Amino acid sequence: MATTTTAEPTRRDFLYIATGSVAAVGAAAALWPLIDQMNPSSAVLALASIEIDLTPIQVGQSVTFKFRGHPLFVRRRSPAEIATAKAVPVSELIDPIARNLNLPDDAPATDANRETHPEWLVVSGVCTHLGCTPTAYEGDFGGWLCHCHGSQYDVAGRVRKGPAPQNLEIPVYSFLSPTRVKVG
Amino acid sequence: MSGPSTYVPETGFTRWLDQRLPILRFSHDTMLTFPTPRNLNFWYAFGAILTFCLGVQIVTGIVLAMHFDPSATVGAVPGSSAAFDSVESIMRDVNYGWLLRYVHANGASMFFLAVYVHMFRGLYYGSYKAPREILWILGVIIYLLMVMTAFMGYVLPWGQMSFWAATVITNLFSSLDQVTGGLKVGSHIATWLWGDFAVGGPTLNRFFSLHYLLPFIIAAVVGLHIWALHVPGNNNPLGIDVKGPQDTVPFHPYYTAKDAFYVGLFAILFAVLVFFAPDFVGNPDNYIPANPLVTPADIVPEWYLLPFYAMLRSIPQKLIGVLVLGGAIVTLAFIPWLDTSKVRSNRFRPLMKQFFWLFVLDCLVLGYCGSQGVDAAVVGIPLVWVARLGTAYYYGFFWVLMPLIGLIETPRPLPDSIAKSVLGAAHAPAE
Ligand code: FES
C-alpha cells in the first residue's frame, strides 16, 4: 500500500471506521441475548400474590410465610411491643427511611409508617445485609437477630445494629378483612 | 524455552513428526531436560501436587456429573429436591459413588491445602519478584477461579449450607446499591445471577453449568502459569539467580522423582481423610435439604474461606465489609510491587522473616475467628475485635510493612552461587 501520510482523513479511513462500528454493534447485539437469558424468565416474573389468614396467629407470635421465594414475617405485636416501637425516635435509627412499598420512598421510619394496623407487622424476612433469614424473639431489641453476621432488628423490623444497612422491607399488602391480608 | 533445544529425534517417525508438529521436542525440553535449580526443597513439590489435585477433581467431577441432577424441583420426600436426592443416590446406589463423591468433596479441601502451602512458599522465598510478576499474578487468578469453582460446587448438593452460602455470597453484590443510589445496580446483578427473586432452581442450574466449565479454564491458566514459569525458570530457596549449568539439574529424573514421591505422601494423607474422616471438613447441616425459609443457626463457609469470612464479619458496615473481603484477594496481585527489597528469599531477611511468620499466624487466627459464632469471645476478648486486629494486620503486612521493611532492613549476605551454597565452595564445579 502506498504510504502517503496526509493529515486529512481519507475515504478509506471512513470506510474502516464505518465497518468497525457495524461489527461492534453487531457483536453487542449478539452478546445481549447471552447476558439477558440469565435474568428471571417470564414464568418466574408471573408469580402471583398470596393471601394469609390471620386468625391462628397469637398475640406476640411471629409466623413465617413464603412469598416470591423469600420468607415473609407476619407478627402480631403485643400492646407493650407496640408501645416500645412507638417510643423510639427516628433520629436514633440506623436507617431513617420507612422502606415501606405502600408509602412514598422518603417516608420516615416511624412505627406508624411501618404498619397499616399497629397490631400487625407484615415484613420481609430477608436480612438487608446479605439475605439470611433473621430469627424472631432474639437480640436486644425484642425483634429479630440475624445469626449470619449479627444484625439486629426491633419489633417494627427496623435495623438497630449493623452490619445490615436498611430496615426490613415492607412489601405491598392490604387487608381484605380484619383477619385476612393480601400480600403482593 | 530456555536455551537451545537438545532434542534429537531418533526414529524415522519422530523425525517426520518433528518437522510437522514439534510436540515431542516441546515435551522433551520442558519436562525432561529443563534446567532446574539443584536446591529445590520439599516446599517446591506443591506445584506437582496441585496438578495432581486438579486432575483428580476433573476426573471425579466428570463422572459425578453423569449421576447428578442439577434440579431444585421437589424430590422424593417433601422438602428435598431432585439435586439433593441425586447426591444421596450417588452416595448409596451408584457403584463406588460414595468413593467418587468423597474424593471430589475432600479433594477440594486438599486442593486448597496445597494451594495455600504453595502461596506461602512463594511469599517466603520471594517467588513473586522480578522477573516472575506475571507468573505470580497468574497464580492469583488461578486462586480466584478456584474459589469461584469451589463455591459453586458447594451449592450443588442443595443442602441448607449450599443454599445459604449461595444466598450470602450472591448478596455481596447487592452492597453496590449503597453507591449507585436509586439505580440499585447491585440488586439487579444479584437478580441476574439468581435468575429469580431469590436463590432458586435457575441458580442451581447455572451454577452446575459454570462449575463444570471453570476447571477447564483453570487448566488453561495453569498452562499459562507453567509457561511463565519456564521463561525465567524456577526460583529457589536461596532466591538467587541461576548462574550457569553447575547450578541446575535436569528436571527429569531429579524432580520428576522427587515430585512423585511427595505426590505419593500427599495422596496418603488424602486417602486418610477420604477413608477415615470423610465428613471431617464438611458441615453436617448440608445433609439437611435446602429450606429457603430457615437459615441455619451458624452459617460458616468451608474452612479454606474462613479468614475472609472473618474479615467480612468484623466490619459493621455492609459495603466496606464487602470491599475489605474482595480487597484481601486483590491485594495479592500487587505484592510484586509492594515488596521493595532487593533480596528475594526470607532466609536472608531477618526482619521480614518474623513478620512473615506473624502473617501466617494471623491467617490462622482469622480462620479461627471465622469459624466461631458472631458473639463468641475467648478469655473475655470478643472475637470480633480479634478479627478486626487480624484484618488490620493482613492489610498492614502487605501495604505498610512490605514496602517499609524492604527499605530499612539490612539483609544477610547472599551466597555466591547455588552450587557453592549446596556443595560447599571446595566441591563446587568450576564456574
Ligand atoms: S445476612 Fe443478616 S447479618 Fe449478614
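Helices (H or I, at least four residues) and strands (E, at least two) are DSSP runs, numbered from the N terminus. This is a predicted model, in which local features need pLDDT of at least 70, side-chain atom pairs count only at pLDDT 80 or more, and totals for chains, interfaces and linings use all residues. Residues are numbered from 1 along each chain as its sequence is written, and chains are lettered from A.

In chain A, the loop between α3 (79-87) and β4 (120-124) contains A:His117. This residue, A:His117, has a relative accessible area of 39% and is therefore partly exposed, a term for values between buried (under 20%) and exposed (over 50%), with a 1.4 Å probe and protein chains only. Although 61 residues separate A:His117 from A:Pro178 in sequence, their C-alpha atoms lie 9.5 Å apart in space.

In chain B, helix α12 (residues 306-314) packs against helix α13 (residues 318-338) at an angle of about 150 degrees, and their axes are 7 Å apart. Axes are lines fitted to C-alpha atoms, for helices over the stretch in contact, and angles run from 0 to 180 degrees between N-to-C directions. The two helices, α12(B) and α13(B), are therefore roughly antiparallel, since angles over 145 degrees count as such. Contact means heavy atoms within 4.5 Å; B:Phe308, B:Met311 and B:Leu312 in α12(B) meet residues of α13(B), including B:Val322 and B:Leu325.

The two chains also meet, with 28 residues from chain B and 29 residues from chain A in the contact. About 2500 Å² is buried between them, and carbon and sulfur atoms give 64% of this area. Buried area is the accessible area (1.4 Å probe) that two parts lose on being put together, summed over both.

Notes:
Heavy atoms only, no water. Parallel < 35°, antiparallel > 145°, perpendicular 65-115°, else oblique.
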